[in-house]
Structure formats: C-alpha cells, structure tokens
Amino acid sequence: MSLTPSQWAALLPLILPALGACLIPLMSLDKDQATAKWIRAVMYGTALLAVGASFWYLTDLWQTGAQPSFFQLRMDRLSQFTGIFLLVAAALTILQSWDHFHQEGWVKGESLSLLLFSVVGMMLFASTTHFVALFLGLELFSVPLYALVGTVRARPQSAEGGMKYFITGAVASSCFLMGGVLIYGLSGSLDLTTAAVILKAQGLALDPLVLAGAALLLLGFLFKVSAVPFHQWTPDAYEASPHPIAGFMSVATKGVAFIALLRIFPGSLAPLSAVGVKMQAVVAVLAVATLVVGNLTALVQSNVKRMLAYSSISHAGYLMLGFVAGTPAAHTGVLFYLVIYLAMNLGAFGLLTAFGLVGEHTTFEDLRGLGWKRPAMGFAAAVFMLSLAGIPPLGGFYGKYMIFRELVGTGHVGLAILGVLASLVSAYYYLRFLVALFLQAPSAEAERLASDRPAVHAPLAGATVLVAAGIVLAGGFLQYFLADGFARRALVEGLGLIR
C-alpha cells in the first residue's frame, strides 16, 4: 500500500521515536567493556535525536497550519499540542536519567527504549477516537511504564512497586475495554464520534448500557490521572521508580489522559449531552474526594517522593474541576495548567537527582541545608514549590485561577472555594520542603556521611531543573500568550470547541 504525503505526515511524528526505540536495544548488544561508555553515550544521543526530530517536525506542522491524518489517526492541532508536550517531557527525562542512573549504578539501554515506546503510545492515544486504536495506544504506553517502575532491580521496592502498578493497571485497562465493547455493541461502530451520533439517532442516549459503557471508559481515564479512589498505586509506584521515571509518569501519563478525555467526552460524545451531564456530576464528586485525600495525606508524609505523589493526586483534582466547569475557557485553562505542571513536577523530581539523593535517601531529613550548598537549585526549588502551592505571580497560580474563575462563572462557587482551601492546605507541605532546604541544618550524622561520599556531579539534571524553572516563570509572566497562542489554538483548530 502506497501512502500519500499527508498520511506520511501524520505518521512521521510517531515513526521517529519508534525507530529510535528499536535501534537502541541493538546498540546495547555490544558487551565490550572498553566501548561501553561510548555505546552508552550513543544510545542517549540516539534517544535525544529521535525525540528532537519528532519535536522539530511537530513544530513545523504547527507553524504551517497543516493537520494531516492517516485513517483514524488525526494529527490535528490538539494532537500536535500533545506531541510537543510529551516530547519536551521525554527530553527532560532522558537528560535527567543520564545523571540519575549513573548515581544508581544501573545504566541500561532498554530503559530508553521503553520510554520512547511509551511516548509513541501516548501520542497515538491522544490522536484518535477509534476505540481499537485508543486501546492499542493505552497498552503501548502502559506496559513500558510497568517495566520502567521496576527498572532498578537491585532495589526490592522496585519490583513491588512495578507489580502493584501492573495489577491495578490491568484492572483499569479491562474496565476501559469493557466500556468500549458496550458502546460498540449498541452502536455497531468502533469510532466513538460515529457511535455517539448513532446512539442519539436511536434514542439510546440514556440507555443503562450506554451509561455503563461511558462510566467504564471514564474509570480507565481516572485511573491514569490518579483520581480517588483509583489512586492507591501512585505513591508506591512513584517511590519505587527512578526519579526521572516518576517525574515522567506524574506529568506525561496525567497529561495525555486528560487530553484524551477532552477529545472524547466534550468532543466525540458531545451528541450524547445527557451522558455528559451525568459524567460531569460523577467527576465533580470524585474531584472533591481527590482534592481532600491528596492534600490531607500529603501533609503527613516524611518521604519527598511520596509527598510529591500525593501532591500529584491533588493536582488531578484541580484539573478535574476544569471538566466540571465544562466551558471552553476552562478547557483552555486545563491545557495551560498541564504545561506549567509539566515544568513544576519534572523540575521537582529533577531536584532529587541534582542533589544526589538516590535510593532511600529521599526524606525531608536528607534535604536539610542543601539549599545553601546549591543556591541555583535552591532558587529553582522555591519556584517549583511556590508555584505548586498556587502563589502569584508564578504559572501555577494562573493555571488554578483560570479554572476557578470558570467554576464561579458557571455557578460552582462551592467547588471554587474548596479548591482555594485545598491550595492553602497544600502550602504547608510545599513550604516544608523549602524549610528543610534553607532553615534546617543537617544532622551531624548526615554531615559525616556526606563527607565520606564523593561529591555529586549532575550537570544535565541541574540544567533541566533550571530550564523547568524558566518555564514556570514564563508561565507566570507570559500566561496569556501561552494560553491564547498555544492552548486555546489547540482547542479552536483541533476540536472546534471554541468558535
């Protein structure tokens, strides 16, 4: 079958990282110790080249205004937004992983290959409404992540965290599959957009099986965003993962799930407005539970990674409130918030690598005094923590403001107040991070152990942290440019939600 230039244009952003993912394991076959260092550098260079080439191609599509497609795969504005978002996250993760895996003493090429395959699956998942392609994308990005959680096999927690993530993920995938099967069985179409039109024409919008199918689809998405009560895997998986992988999971998985949810529920299933109303009520209840559980549980954590995991759960609640508001401006706020959240969380996890905190040395006690020893990293930490807490004029504040404003405008004043109160609660554990860095001296035992260890050198991780801090600051001072020129444009020209 010969493909047209437009079809190639739609496939190329996925082909480039997939090609890199296939080449990297072949390089790792060389077991010669004399060339191991060079092979390792070539593997990382190949991964960055694959990500960079796909990023360059997507930005070119964005600038030219082209929106190619390949059958059910649509590389429209929203898909291009998603691809750029994911590739930036992947590039920062790859750079951080170079330093982190050297600190862990576990540098393997298959980790890069799995990461790239996961990126391909995420791009596919967010670029289609065909249920078979959706499910293939879901599995293609989930299965590599199950393995990446357990990458460092020398740590017992890695295997445990990977197994918990795998088992709960398999249940969620099964629910997602069953939801699609129910909708297909009633409509006879695997494309969710077409299925919605057929079900409306047949008067089945409120059929119990349709509602059950939509609910099961929603459950699959809510698992991926770590919404309560589908959040139990999150702290264990994040704690078990290498720091860069935990950071990637926290932003990329959550981001692609919310974007795909945006494409399907306000987009494809728009004809089934009655279903949308019922799903909106469910999301509102779960958003409240997610905010409460995420923030209150984060307050009592002593491990920084577990605190960031519960923080990630709470931020899923803020993003879910954007779907409760349901306005185009709220959806724009969700996309803007995801961009800022990418920088905040990847930067926060990158700080652990930059400070040389590996293994079990990721508690608040291990942070004490490090802000003065590494002033640039301390400044970046202040940017991330204050932005996560929603302190103006940083990007995190404007992301929340865009969502809360639409909640008030649509009459959900109580939810907006709850969101503000949740942000106030979260300030405690984010400021606790900064207190440990700047206001607490390290213990004598910690100083002794630090003097016995060689100095930490993590230049790539430190550079990514500074880049992420720059994005957060830009989000605070250039928020309308980013929201209107990037997020809003993806909705206007991708889904046509704004006229």
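**Figure 1. Salt bridges in the whole structure.** A search of the whole structure finds six salt bridges, a salt bridge being a side-chain nitrogen of Lys or Arg within 4 Å of a carboxyl oxygen of Asp or Glu. The model is predicted: local features need pLDDT of at least 70, side-chain atom pairs count only at pLDDT 80 or more, and totals for chains, interfaces and linings use all residues. Residues are numbered from 1 along each chain as its sequence is written, and side-chain values use heavy atoms, with hydrogens and water left out.

**Figure 2. The salt bridge between Lys164 and Asp236.** The N to O distance between these side chains is 3.1 Å. The pair links distant parts of the chain, 72 residues apart, with Lys164 in helix H6 (residues 156-187) and Asp236 in helix H9 (residues 233-240). Helices are DSSP runs of H or I with at least four residues, numbered from the N terminus. Lys164 is partly exposed because its relative accessible area is 32%, and Asp236, at 23%, also counts as partly exposed. Buried means under 20% relative accessible area, exposed over 50%, and partly exposed in between (1.4 Å probe, protein chains only).

**Figure 3. The salt bridge between Glu239 and Arg306.** Here the side chains meet at 2.8 Å, N to O. Glu239 in helix H9 and Arg306 in helix H12 (residues 304-325) are 67 residues apart, so this pair too links distant parts of the chain. Glu239 has 26% relative accessibility and therefore counts as partly exposed. Through salt bridges that share partners, Lys164, Asp236, Glu239 and Arg306 are joined into one network.

**Figure 4. The salt bridge between Arg368 and Glu365.** The closest N and O atoms of this pair are 2.8 Å apart. Arg368 is partly exposed, with a relative accessible area of 22%.

**Figure 5. Packing of helices H13 and H16.** Helix H13 (residues 328-354) packs against helix H16 (residues 375-388) at an angle of about 140 degrees, and their axes are 9 Å apart. Axes are lines fitted to C-alpha atoms, for helices over the stretch in contact, and angles run from 0 to 180 degrees between N-to-C directions. H13 and H16 are therefore oblique to each other; angles under 35 degrees count as roughly parallel, over 145 as roughly antiparallel, 65 to 115 as roughly perpendicular and the rest as oblique. The crossing of H13 and H16 is left-handed, meaning that the near helix is turned anticlockwise from the far one by less than a right angle.

Note on methods:
Helices (H or I, at least four residues) and strands (E, at least two) are DSSP runs, numbered from the N terminus.
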